[in-house]
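Hi everyone, thanks for coming.

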Amino acid sequence: MPQWYPLYFVLAGVIVYGLAYFGYAKWYDKNVWEPDPKRATPAHMYMDGIEFFPTSKYVLFGFQFKGIAALGPILGPFVGIHLGFIPALIWLLIGNFFIGWIHDYSALFMSVRNEGKTMGPLTYELISPRARTALIGFLLFYLILITSVFVLLCGMFFALWPGSFIVVVFTIISGLLMGLMMYKMRIPIVQSTIVGIIILIIGIVLGGYGTSTLWPVTWPPTPYWPLWLGMLITAIICFIGAVTPIIWWTQPVNYAAFWPCSIGVILIILAAFASPATGVAIKLEPFYSDIPGLEGIYHSKVGPVWPVLPVTIACGAISGWHSLVGTSGSARQLDVETDALPVGAGAMLMEGLLALSALACYMVLDRGLIAELGWKKWSCLVYGASTMVGAMFGIPVDKAPYNPYLVAFWGSWLELYAITVEQMVVRFFRLAMAEATAGRPVLRAWIGNKYVASIICLLVGGIFAYSGAWINLWTLFGGSNQLLAGLALLLSSIYLAKVKKPTAFNMGPAIFMIVTCEGALIWESFFVFLKAIAAGKPIAAGTLAKLIAKGVGWAWGVAMALNVIFFIFGIVLIILGLLVAYDGFRSYFRFKRAPPEAAEAEKAEE
């Protein structure tokens with residue numbers, strides 16, 4: 001194989017995403033949604049200083065990016081190790097160009113044009129009450145699923161790289177202070193941001209210093225803290241973020257986290273551009289399989305490239321999670337409609353660059369080194385990023401992964417991407433729980449209030465995480481996450497049909513995503529869970545896996561029971577998805593057939 005460098009592929013991504021934003025997205029914005037800067041947005045119409053309030057597009061861009069960008073675009077591209085980096089690269093470029101940014105932009109704008117309503121009420125109004133009920137049930141399961149994995153991973157990152165705790169604490173301090181300066185003291189955003197960045201730099205330096213003196217770098221990483229402690233810290237931070245007004249915690253903290261997170265992306269991109277000079281070359285194959293003749297098509301540990309790859313690389317090309325951030329968060333903070341393009345489309349295309357950066361970090365590792373790192377995605381990411389960026393700063397490639405400041409930064413980078421999103425997951429869970437218990441005063445009082453609902457989310461997710469049962473939930477994550485994206489695209493298509501706007505740009509991606517994700521859920525249910533059940537070798541991780549390895553019989557029984565339960569859950573998700581899609585397509589064609597006069601009446605009501 002010729003000597004290839006990350007430069008070529010990261011540069012291709014920058015060009016493709018640039019064309020997507022400055023060409024396709026600007027045309028779509030002008031000709032489909034037609035934003036009106038004079039039209040009042042929900043942030044002004046219902047301003048309460050808690051959920052609804054106008055925000056600078058620069059702050060909102062940071063909030064949106066950090067709200068949508070989690071571990072999906074970072075760990076998802078690891079599939080490139082199994083199928084080769086070319087299939088992963090193609091999906092990241094094509095998926096984001098034709099589907100990803102349209103999904104994010106449309107979900108946000110649809111909510112803006114509908115009084116800041118979330119996915120549940122929008123589904124009720126545009127599709128049917130039955131579809132709304134199915135969607136709420138789907139969302140509650142989906143958010144518990146994310147919590148079970150993110151609480152585990154956040155706790156693990158704190159344990160492996162304790163310097164990240166210092167950085168997270170300083171990020172929270174930075175965000176809270178910036179929020180106080182901008183919203184209480186009315187200090188301009190530039191001055192407030194400068195103060196916040198100075199605090200962030202202090203935290204990053206202290207995190208590196210703590211790593212150099214207290215927690216020496218080892219590969220594979222050594223856990224310095226107990227897992228339960230890291231998970232407890234995560235739960236406390238996320239609980240506070242879920243129950244406090246978004247303007248005083250989640251938004252400014254996510255804005256603060258945007259800076260180190262985005263700087264990390266820029267550093268990797270610059271390191272990729274410098275790779276021919278630094279000599280950090282690609283060591284992975286462009287196409288790969290453990291079965292000769294099926295390179296880039298199938299891998300026994302992953303499955304077929306379709307439908308598995310589009311749901312494995314979640315968030316980097318498209319993600320249903322983004323529709324929740326757009327409708328439940330950013331749509332209620334949009335100052336003017338013309339800000340929707342940079343906030344919705346721009347943040348998603350930047351996340352595409354994040355995914356390309358992560359893929360570049362995996363590309364520069366050979367399979368022997370990956371095996372030494374235990375095939376752990378997070379370890380490979382930190383090792384690869386330290387190698388690339390360290391080489392750019394003149395640190396030898398064999399020493400860069402042991403540099404305490406580099407390792408502390410990249411460990412913190414992972415932690416910030418995870419924990420800032422998890423606090424929004426808990427917030428959205430308690431909002432979904434409030435919607436699910438609406439009309440039932442007793443239930444609303446007991447489990448629908450924000451404190452109890454947040455505790456339920458963290459407690460149930462934490463139990464799944466610590467016991468190892470999370471692996472069952474995570475197996476279904478890809479299909480369910482991207483199915484939500486398909487349903488959000490369908491919902492926006494229905495709205496566009498209702499107001500007699502072009503729908504092909506949304507409906508085409510909606511059909512592709514729904515078909516792909518239903519196929520992925522079928523694969524995950526029948527070819528993963530049912531296969532494990534039939535073989536008598538249950539899927540297990542964490543505590544359960546350790547007990548099974550020791551020959552504890554009841555642990556095998558519990559793991560097998562969980563596999564059966566989540567096989568059934570998989571079937572239920574398939575049915576729920578088909579149900580919402582069926583009702584959705586019926587509504588779509590009903591609005592398409594409606595006379596233009598009906599659409600004009602709808603516009604007049606708005």
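This is a predicted model: local features need pLDDT of at least 70, side-chain atom pairs count only at pLDDT 80 or more; totals for chains, interfaces and linings use all residues.

Together with Leu11, Val14, Ile15, Leu19, Leu270 and Phe273, Ile266 makes a nonpolar surface patch of about 600 Å². Two helices, α1 (6-33) and α12 (250-273), each supply at least two residues of that patch. The biggest giver is α1, with four residues.

Let's stay with α1 and move on to the rings. The model has 46 aromatic pairs by the rule used here. One of them is Trp33 with Tyr105, an edge-to-face pair with 6.4 Å centre to centre and 75 degrees between the planes. This pair ties together distant parts of the chain, since Trp33 belongs to helix α1 and Tyr105 to helix α6 (residues 85-112), 72 residues apart. Are these two buried or exposed? Trp33 is buried, because its relative accessibility is 1%, and Tyr105 is buried too, because its value is 0%.

Next, a second pair: Trp215 and Trp225 are also edge-to-face, at 6.4 Å centre to centre, with 90 degrees between the planes. Here the partners are 10 residues apart, and both lie in the loop between α10 and α11. Trp215 and Trp225 are both buried.

Back to Trp33 for a moment, please. Trp33 and Tyr105 belong to a cluster linked by ring pairs, which also takes in Tyr24, Trp27, Tyr28, Phe97, Phe98, Trp101, Phe109, Tyr495 and Phe505. If you have the viewer open, do colour those in.

Which ring does the charged end of Arg367 sit over? That would be the ring of Tyr288, with the charged end 3.5 Å from the ring centre. Likewise, the charged end of Arg590 sits over the ring of Phe591, 5.0 Å from the centre.

Now for the backbone. Most residues other than glycine have a negative phi, and most peptide bonds are trans. With that in mind, here are some spots to look at.

Glu34 has a positive phi, near 50 degrees, and is not a glycine. Glu34 sits in the loop between α1 and α2 (42-45), and counts as partly exposed because its relative accessibility is 41%. Arg186 also has a positive phi, about 60 degrees. Its place is the loop between α9 (163-184) and α10. Arg186 counts as exposed, because its relative accessible area is 68%.

Then the cis bonds. What is the omega of the peptide bond joining Trp219 and Pro220? Omega is about -5 degrees, and the bond is cis. Pro220 is in the loop between α10 (189-213) and α11 (227-243), and that loop also holds Trp215 and Trp225. Another cis bond runs from Trp306 to Pro307, with omega near 10 degrees. Pro307, for its part, lies in helix α14 (residues 305-312).

Definitions and conventions. Residues are numbered from 1 along each chain as its sequence is written. Side-chain values use heavy atoms; hydrogens and water are left out. Patches are made of residues with over 30% relative accessible area and no salt bridge: like charges are joined within 9 Å, nonpolar side chains (Val, Leu, Ile, Met, Phe, Trp, Tyr) within 5 Å. Accessible areas come from the Shrake-Rupley method with a 1.4 Å probe; for residues, only the protein chains shown count as cover. A salt bridge is a side-chain nitrogen of Lys or Arg within 4 Å of a carboxyl oxygen of Asp or Glu. Buried means under 20% relative accessible area, exposed over 50%, partly exposed in between (1.4 Å probe, protein chains only). Rings of Phe, Tyr and Trp (its six-membered ring) pair if their centres lie within 6.5 Å; planes under 30 degrees apart count as stacked, over 60 as edge-to-face and the rest as tilted. A charge sits over a ring if NZ of Lys or CZ of Arg is within 6 Å of the ring centre and within 35 degrees of the ring normal.
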